[in-house]
Amino acid sequence: MARFSAALAALLAIPSSAFVPSMKPATRSFALSSTTENRNVKQTENTSREEIMTFSYDMSLEPKYEKPTYPGTGNGLSGDAGEYDVVVIGSGMGGLACGALSAKYGDKVLVLESHIKCGGSAHTFSRMHKGEKYSFEVGPSIFEGLDRPSLNPLRMIFDLLEEEMPVKTYTGLGYWTPTGYWRFPIGSKSAFEQLLLEQAEDGPKAVEEWNQLRARLKTLGGSTTAVSLLNLRQDAGFLATTAGSLPFVATHPDVFLDLPLTFDSLHKTVDQIVTVPFLRNFIDTMCIFCGFPAKGAMTAHMLYILERFFEESACYSVPIGGTCEMGNTLQRGLEKFGGKLQLNAHVDEIIVENGRATGVRLKNGNVVKAKKAVVSNATPFDTVKMLGTKQELPEGVAKWKEQLGKLPRHGAIMHLFIAIDAKDLDLSHIDDPAHLVVQDWGRSLQDSQNLCSFFIPSILDKSLCPEGKHVIHVYSSGGEPYEPWEKLTPGSAEYEAYKEERANVLWQAVERCIPDIRERVEFSIIGSPLAHEAFLRRDRGTYGMAWAAGTSAPYAGLLRNILPFPFPDLKTPVDGLLRCGDSCFPGIGTPSAAASGAIAANTMNPVDAITPSPELKVEQVTTP
């Protein structure tokens with residue numbers, strides 16, 4: 001949910017030139033040195049809170065291979081030939097937002113999705129058990145600002161498209177820690193300060209340090225209301241679309257002094273102000289949703305929390321019908337304006353002619369032409385593979401492919417899906433469906449065997465399972481090493497045993513809340529990184545790109561030598577090829593990915609074709 005100051009946003013807009021496969025996966029011959037592979041795995045074996053973890057692979061040297069086909073994901077062979085203004089590869093939040101807004105702006109749009117469902121990581125799958133249907137989340141589950149007009153970019157896009165998505169709300173996040181259970185209360189500054197007084201090692205000092213941190217970041221935090229991410233674009237038109245920020249900049253000139261701070265690692269500021277362990281732990285867990293704790297996370301990731309989470313109207317949301325409804329809502333917007341979504345249509349190649357991306361070649365051999373642009377919502381690791389090795393590419397593209405292919409990434413994710421009998425189950429000790437579980441504060445929060453989350457959406461949404469039952473999604477942090485998994489054959493006894501071993505910590509996590517859960521199980525499914533990769537179309541099941549804050553990523557734009565911008569540009573060295581999604585500004589997270597799609601759509605269209613984002617009268621959080 002990263003939000004950025006108006007002046008900063010303007011500067012950065014400067015342009016720069018079922019879980020078992022139906023067949024055994026093809027043998028992979030990865031071009032990895034033993035040093036790289038050993039580092040990827042070794043760093044996960046004895047993790048430390050002080051070290052941040054990233055994983056590296058050399059995609060430029062990796063031979064092409066056929067990914068395994070899993071039941072329920074499609075074979076990718078659909079899709080007709082045709083010609084459109086904009087062709088979008090992938091229907092994650094970024095791709096659907098880009099496609100829907102481009103269609104609204106007047107473009108003829110086709111969104112191509114390899115899977116049989118849209119939404120990317122934000123989708124839902126169902127299983128029949130004893131003649132009844134159970135639905136599970138597979139990706140993100142903690143959303144703020146979807147219940148009413150807000151600063152959440154995804155909600156703002158819904159409003160622009162004039163589409164609605166019903167939700168249920170809740171007002172807290174449960175924490176199960178080595179010292180016991182406590183609850184983070186969203187929407188109340190006084191309730192949070194009371195939590196610090198009750199739980200922190202030195203309550204009064206924790207309150208004082210929290211307010212000092214808020215005061216230090218007050219100007220940057222206040223600037224989040226000055227200009228919307230949805231008004232940004234990566235061309236000279238940004239001068240017009242961000243002009244509304246000028247009054248704020250004029251009255252807060254000190255915002256320019258904090259520009260580098262916005263992109264720097266948050267831990268540098270936290271270390272100067274916060275000493276109370278409880279508060280430091282809380283800040284790390286708030287950051288971990290972007291992939292890193294405070295060390296490695298941009299300061300900007302904390303700004304939205306400081307600005308929004310303590311307003312009285314703030315709350316979390318559960319989309320009724322599952323997170324798939326986010327994609328379905330964007331699809332309705334896309335189709336309302338004449339756009340088309342083609343499912344089960346895998347893109348094999350991005351076609352480049354005379355230095356320009358002119359379309360895509362589908363897995364079935366059909367060619368789809370793009371008159372204006374091709375936009376890839378795939379990860380950078382998958383995007384570079386789609387450019388292939390045989391066609392002639394513009395100067396500099398080979399180096400760009402190599403560098404993007406080597407970008408550090410987060411590890412994979414383990415999943416556990418549980419359907420339980422809730423007869424006589426007393427959940428009165430919890431108030432919310434979403435929970436974080438930490439085994440050891442001394443270990444890395446990126447460690448998949450240390451931190452995980454569980455989500456019980458059926459507490460609020462009774463449509464997800466039969467009456468008297470519950471569905472639970474338990475998932476690890478994005479630090480599961482991929483290498484041990486790729487050596488196993490899905491469906492084999494060895495593979496199944498390793499799944500049980502690695503998922504045991506997930507069972508233990510939810511047992512903190514429901515001690516007899518294993519006796520209540522109707523059925524359960526373990527999702528390995530191989531399943532995560534195949535179902536969510538994420539290379540090696542990665543959580544996303546992992547460029548730690550503090551230095552500029554490759555191809556981060558013209559200001560990379562001035563500001564430590566940790567994202568590659570949405571523009572590429574191939575004319576007519578853009579990117580969007582969680583590997584682009586403003587980063588990991590459903591709202592951020594949606595915002596990247598809006599920025600891509602804006603960049604492809606003239607300013608006078610753009611619908612301004614809704615103006616919000618959001619009361620600014622003040623710091624005493």
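Ten nonpolar, five polar and one charged residues make up the lining of the largest cavity; here Ala, Val, Leu, Ile, Met, Phe, Trp, Tyr, Cys and Pro count as nonpolar, Asp, Glu, Lys and Arg as charged, and the others, Gly among them, as polar. The model is a predicted one, in which local features need pLDDT of at least 70 and side-chain atom pairs count only at pLDDT 80 or more, while totals for chains, interfaces and linings use all residues. Residues are numbered from 1 along each chain as its sequence is written, and side-chain values use heavy atoms, with hydrogens and water left out.

The largest cavity holds about 150 Å³ of space. A cavity is a set of points, on a 1 Å grid over the protein atoms alone, where a 1.4 Å probe fits but cannot get out, and lining residues have an atom within 4 Å of a point. Both domain 1 (82–121 + 324–409 + 547–609) and domain 2 (188–226 + 238–314) contribute at least three residues to the lining of this cavity, with domain bounds taken from an automatic or database domain assignment.

Turning to helix packing, the axes of helix α3 (residues 93–104) and helix α4 (residues 153–161) come within 11 Å and cross at roughly 30°. The pair is therefore roughly parallel, a term for angles under 35 degrees. Axes are lines fitted to C-alpha atoms over the stretch in contact, and angles run from 0 to 180 degrees between N-to-C directions.

Two backbone details complete the picture. The peptide bond from Phe585 to Pro586 is cis, with omega near 10°, and Pro586 sits in the loop between β19 (577–579) and α21 (590–603). Helices (H or I, at least four residues) and strands (E, at least two) are DSSP runs, numbered from the N terminus. Asp424, a residue other than glycine, has a positive phi near 60°.

How values were computed. On a 1 Å grid over the protein atoms alone, a cavity is a set of points where a 1.4 Å probe fits but cannot get out, and a pocket is an open set with protein on both sides within 12 Å along at least five of seven lines; lining residues have an atom within 4 Å of a point. Grid points are joined across faces, edges and corners, and a volume is the space filled by probe spheres set on the points. Angles under 35 degrees count as roughly parallel, over 145 as roughly antiparallel, 65 to 115 as roughly perpendicular and the rest as oblique.
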